[in-house]
Amino acid sequence: MSRDGAAGRFEAVAFDLLTALIDSWSLFARVTGSAEVGRAWRLGSLRRVTTQGDYRSYEDILLEAAAEAGVSRTKGDELLSRWGELRPWPEVPDVLQSLGGRRLAVVTNCSQRLAEIAAGVTGGRFEVVMSAERAGAYKIDPRAYRAALDALRLPPDRVLFVAGSAHDVPGASSVGMKIYWSNRQRLPVPPSSPAPLADEPDLRRLAEFV
């Protein structure tokens, strides 16, 4: 949990959306009626998108991951219809408010429609909502992160990336961004990945690193 550089070194903060800001896992569990099945579905969708590269329909990928986890097509459609029931982690509204004066963005592995819905439930005001659809590629492809930097018109050393999942640590590092990892599951840093600027159990200390 080190610090690197003086306060105020970052002009913007870019967030992973569906794990760093939002507890998406709970919605999968509610739709399936099972934490175990919901987790398998969510993990399957993550595995598919993070190895996908070029964008193809996120909704199709979700349904494919559902079938792999033994979840019916009806439940897949239900998840999409209930996307607006996503909720942020408890500290998120206060953390976003504490970043007043910083430019905010999200970089997320979903369609633009679902990204806009999910960003809206956080209560944050994001200058850029960069979905995989908009970027043309899924994280951890460098194109996804670069698309957000291009939209912000900032170099990577002026943007702090807030990771929620382990794959975003090497992913955002690969384009030169420093990483605050909201590592709720206390996972190890992925092999061969640069160490994050901060490895924290949640977002509560984020403002200290901005």
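Modeller: Start with Ser 131, which is found in strand β3. Keep in mind that this is a predicted model.

Colleague: Why is Ser 131 called buried?

Modeller: Buried means under 20% relative accessible area. Ser 131 has 1% relative accessibility, so it counts as buried.

Colleague: What does Ser 131 touch, not counting residues up to four places away in sequence?

Modeller: Thr 108, Cys 110, Ser 111, Gln 112 and Ala 115. Contact here means heavy atoms within 4.5 Å.

Colleague: What makes you say that both faces of β3 are covered?

Modeller: Look at the two sides. Val 128 and Met 130 are on one, Val 129 and Ser 131 on the other, and all are buried. In a regular strand the side chains alternate between the two faces of the sheet.

Colleague: How do you know that β2 and β3 pair?

Modeller: Two strands pair if at least two bridges are found between them. β2 and β3 have four bridges, in the parallel sense. One example: Val 106 has Val 129 in β3 as its bridge partner.

Colleague: Which strands form the sheet, and in what order?

Modeller: There are six, in the order β3-β2-β1-β4-β5-β6. The sheet is open and the pairing is parallel.

Colleague: Why are β3 and β6 said to stand at the edges?

Modeller: β3 (128-131) and β6 (198-200) each have a single partner strand, so one side of each is left without a neighbour in the sheet. From one strand to the next, the twist averages 20°.

Colleague: How do you know that β5 is joined to β6?

Modeller: At least two bridges are needed for pairing. Strand β5 (residues 178-182) has three to β6, and the two run parallel. Within this pair, Trp 181 stands opposite Asp 199 of β6.

Colleague: Which helices lie on the sheet?

Modeller: Helix α7 (residues 112-121) is one of them; it lies across β2 (103-108) and β3, at about 135° to β3. Helix α9 (residues 142-152) packs on the sheet too, touching β1 (12-15), β2, β3 and β4 (159-163). The direction of α9 makes about 155° with that of β3.

Colleague: What is the handedness of the unit made by β2, α7 and β3?

Modeller: This β-α-β unit is right-handed. The label means that, with the strands pointing away from the viewer, the path from the first strand over the helix to the second runs clockwise.

Colleague: Which residues of α9 are buried, and what covers them?

Modeller: Ala 144, Tyr 145, Ala 147, Ala 148, Leu 149 and Leu 152 are buried. Their cover includes β1, β2, β3, α8 (132-135), β4 and α10 (168-173).

Colleague: Now the core. Which residues have the most contacts inside the largest nonpolar core?

Modeller: Phe 15, Leu 21, Trp 41, Tyr 58, Trp 83, Phe 126 and Leu 206, in a core of 48 residues. Helix α4 (residues 58-68) gives the most to this core, with five residues. Another core, of 21 residues, lies apart from it, with Ala 12, Val 128, Ala 148 and Trp 181 among its members.

Colleague: Why does Val 95 count as buried?

Modeller: The cut-off is under 20%. Val 95 has 8% relative accessibility, so it counts as buried. Val 95 lies in helix α6 (residues 92-98). Its contacts beyond four places in sequence are Leu 203, Arg 204 and Leu 206.

Colleague: What makes their phi angles stand out?

Modeller: Most residues other than glycine have a negative phi. Arg 186 is not a glycine, yet has a positive phi of about 55°. Ser 192 is not a glycine either, and its phi is positive, about 70°.

Colleague: Where is the pLDDT below 50?

Modeller: Over residues 1-7. Where pLDDT is low, the predicted coordinates should not be read in detail. The chain averages a pLDDT of 95, and 96% of the residues score at least 70.

Methods
Residues are numbered from 1 along each chain as its sequence is written. This is a predicted model: local features need pLDDT of at least 70, side-chain atom pairs count only at pLDDT 80 or more; totals for chains, interfaces and linings use all residues. Side-chain values use heavy atoms; hydrogens and water are left out. A nonpolar core is a set of buried Ala, Val, Leu, Ile, Met, Phe, Trp, Tyr and Cys residues joined through side-chain atoms within 4.5 Å. Buried means under 20% relative accessible area, exposed over 50%, partly exposed in between (1.4 Å probe, protein chains only). Axes are lines fitted to C-alpha atoms, for helices over the stretch in contact, and angles run from 0 to 180 degrees between N-to-C directions. pLDDT is the predictor's confidence in each residue, from 0 to 100.
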